[in-house]
Amino acid sequence: MHQRTKSLTTRSSARRLARQAPLSLLIFASALAAGCDRSKEKSPPTGSAPPVSGADALPRELFVNQPFKDAVGVLQARRDVKNDSTGRRVTIRGRIGGRINPFVEGRAMFTLVDFALKTCAENPEDACKTPWDYCCEPADEIARHSATIQVAGPDGQLARADLTGVGGLAPMAIVEVEGTVVPQSSEASLVVSAERIHVRSDATEATTGKGN
Amino acid sequence: MVMTQSIEPKAPRRRPRRRLRLLPFEYGVRNLGRSPTRMAASLIGAILVVGLTLAAAAFIRGMERSLVVSGRADNVILLGAGSEESVERSQIGAGATGLVEAAIPGIRSRMGIAYVSPEIHMAMSVQRARDRAEELPAVIRGVTPAAWLVHPQARLVQGRAPEAGRDELAVAALAHTRLGIPDEELQIGRSLWFDHRPWKIVGRFEAPDTVMNAEIWCPLANLQIATRRENTVSCIVLTLGGAEFADVDAFCKQRLDLELSAVRESEYYAKLADFFGPIRSLVWVTAAMIALGGLLGGLNTMYAAFSARVREIGALQTLGYARSAIVISLVQESLIAAAIGGLVAAGLGAMVLDRCAVRFSMGAFGLVVDAAVMLTGLGAGLLLGALGALPPAWRCLRMTIPEALRAS
């Protein structure tokens with residue numbers, strides 16, 4: 001009986017081992033593959049650092065809680081800024097929009113529209129799903145009432161970070177931006193490099209505040 | 001010496017499992033030939049159902065493929081802001097082409113030629129001759145030589161590309177389908193009329209499985225003059241090299257005065273494919289309704305066939321065959337008939353339907369009968385073959401054995 005019990009125990013242990021063997025082999029193979037996989041380890045090119053991207057590319061103090069006292073509307077800012085205004089400091093207030101997607105995927109940039117232009121949402125008969133694209137307005141009017149806001153990264157170039165949802169930025173959001181006019185800007189197209197951004201939570205106060 | 005019996009528990013005794021005895025396969029095959037009329041009816045029904053399913057699937061596959069293959073992942077279309085959904089409605093300044101080429105680094109180029117193609121896309125009417133008033137609906141694209149670079153799917157197969165400054169055309173392989181005229185009328189040397197003058201066909205090209213395969217291409221400058229839009233084009237198509245889509249989009253948003261909007265070409269055509277979603281649904285619903293009609297017709301045939309064999313089925317049960325085995329045999333007969341009909345339909349479909357051109361709003365496309373379409377058609381046929389046999393088989397087997405044997 002002792003012989004039979006021992007043989008039974010041996011058989012059940014063997015069966016248990018047989019069941020566990022494939023799992024053990026799989027774990028071992030995965031560990032081996034992970035250890036040997038060097039494909040993702042790319043050494044950076046000599047003499048140049050990989051571009052910083054994502055949230056790390058944005059300045060830490062980009063978003064502020066306090067509104068700016070001297071913010072003007074986009075239209076007024078465009079009137080004030082002429083050609084050769086590179087480096088001039090401006091503070092602009094507007095609504096994010098002007099395109100179906102006012103942001104740039106993978107780049108820290110968005111378009112801002114003056115409050116003088118009515119969104120589709122302000123027309124009660126319009127059931128537009130993307131009211132921030134101002135599709136009811138002619139394209140040249142949208143362009144005339146718009147400005148481009150971009151954020152520079154640590155290298156001074158346009159930051160490789162998507163701003164959608166960051167710090168409350170979203171289509172239709174009302175924002176105030178303090179920054180400088182960039183060299184690509186012209187009388188026909190205002191481009192501002194933002195140093196500080198304030199996202200307004202009270203839409204009414206923002207639209208009736210200082211503007212054009 | 002005392003003998004002691006082992007008191008180990010015995011394993012419970014199991015009833016011996018009976019294996020289901022199936023009817024021979026040849027029995028089902030021979031039964032198919034018992035009534036040639038019924039067999040023919042079943043075959044015709046299967047051919048119709050599978051053929052119809054094949055046609056519907058080939059139509060949808062052809063339409064989808066022409067829209068998917070038309071758009072390349074590395075191409076970006078610059079359209080007028082607000083016209084992102086329709087290149088025909090878009091208008092942008094012709095001068096934007098040079099600005100785009102200069103301002104966006106990383107656009108693909110070859111031997112100093114940038115892959116930047118300004119284009120005009122127009123749906124307009126043309127005529128076969130000056131004295132023929134009949135107007136034919138054409139899709140005309142005004143291009144520069146760069147178009148052949150950004151659209152590598154298009155390749156000249158005969159003649160040459162039309163030259164700027166001349167009223168010349170290159171027609172695609174399915175342009176005749178779009179126009180609704182014989183292909184012979186679009187051979188090299190023939191002409192089409194629009195803007196009150198003849199345009200000579202100097203080349204033929206093909207762009208398989210794309211919307212370009214039904215278009216007529218002409219020099220951009222000539223089309224601008226003919227359509228009185230010297231300062232505008234519909235779009236600019238560029239191919240990315242080292243640049244990313246974000247670089248192009250950023251340029252468009254920095255130059256708001258140009259009123260440009262950047263869309264990946266693949267996304268543009270994918271949205272168009274979504275636009276035709278209701279048509280695809282309509283095609284499937286129509287195919288399903290006719291297939292249902294075929295199924296009901298097949299059911300009728302099966303009911304008649306099985307009802308005539310009630311006594312035979314009763315006799316099989318007295319021989320010891322289980323009802324499930326008889327059902328399997330009846331379904332097998334139906335499946336064989338459906339499979340034969342399905343194979344015939346698949347063969348006819350491959351010969352007749354494949355590459356058959358269909359005209360639609362954006363041009364024309366060819367039906368595609370590939371492996372997936374074949375599988376869909378044959379699968380539908382087999383499914384209907386199986387489903388079509390079950391209700392009649394169930395009805396015949398509901399009777400008890402004595403009732404079945406007494407049936408007339």
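Mentor: In this predicted model, a search over all chains finds 0 disulfides. B:C235 illustrates the result: the nearest cysteine sulfur, that of B:C252, is 12 Å away, and a disulfide requires the two sulfur atoms to lie within 2.5 Å, so B:C235 is in no disulfide. The surroundings of the cysteines can also be described. B:C235 has a relative accessible area of 1% and is therefore buried, whereas B:C356, at 35%, is partly exposed.

As to the contact, chain A contributes 24 residues and chain B contributes 18. The area buried between the two chains is about 1,700 Å², with carbon and sulfur atoms giving 52% of that area. On the side of chain B, the residues that lose the most area to chain A are B:K253, B:Q254 and B:L256, which together account for 41% of what that side buries.

Charged groups also meet here. There are 3 salt bridges between chain B and chain A; one of the salt bridges joins A:R107 to B:D247, with the closest N and O atoms 2.8 Å apart. The count of residue pairs in polar contact between the chains, both residues being at pLDDT 80 or more, is 9.

Two elements of chain B, α7 (245-254) and β14 (260-264), each give two or more residues to the side that touches chain A. The largest share comes from α7(B), with 7 residues. By class, that side of chain B comprises 10 charged, 6 nonpolar and 2 polar residues.

How values were computed. Residues are numbered from 1 along each chain as its sequence is written. Chains are lettered from A and ligands numbered from 1 in the order in which they are written. This is a predicted model: local features need pLDDT of at least 70, side-chain atom pairs count only at pLDDT 80 or more; totals for chains, interfaces and linings use all residues. Side-chain values use heavy atoms; hydrogens and water are left out. Contact means heavy atoms within 4.5 Å. Buried area is the accessible area (1.4 Å probe) that two parts lose on being put together, summed over both. A salt bridge is a side-chain nitrogen of Lys or Arg within 4 Å of a carboxyl oxygen of Asp or Glu. A polar contact is a pair of N or O atoms within 3.5 Å; within protein, one must be able to donate a hydrogen and the other to accept it, and residues adjacent in sequence count only if both atoms are side-chain atoms. Helices (H or I, at least four residues) and strands (E, at least two) are DSSP runs, numbered from the N terminus. Ala, Val, Leu, Ile, Met, Phe, Trp, Tyr, Cys and Pro count as nonpolar, Asp, Glu, Lys and Arg as charged, and the others, Gly among them, as polar. Buried means under 20% relative accessible area, exposed over 50%, partly exposed in between (1.4 Å probe, protein chains only).
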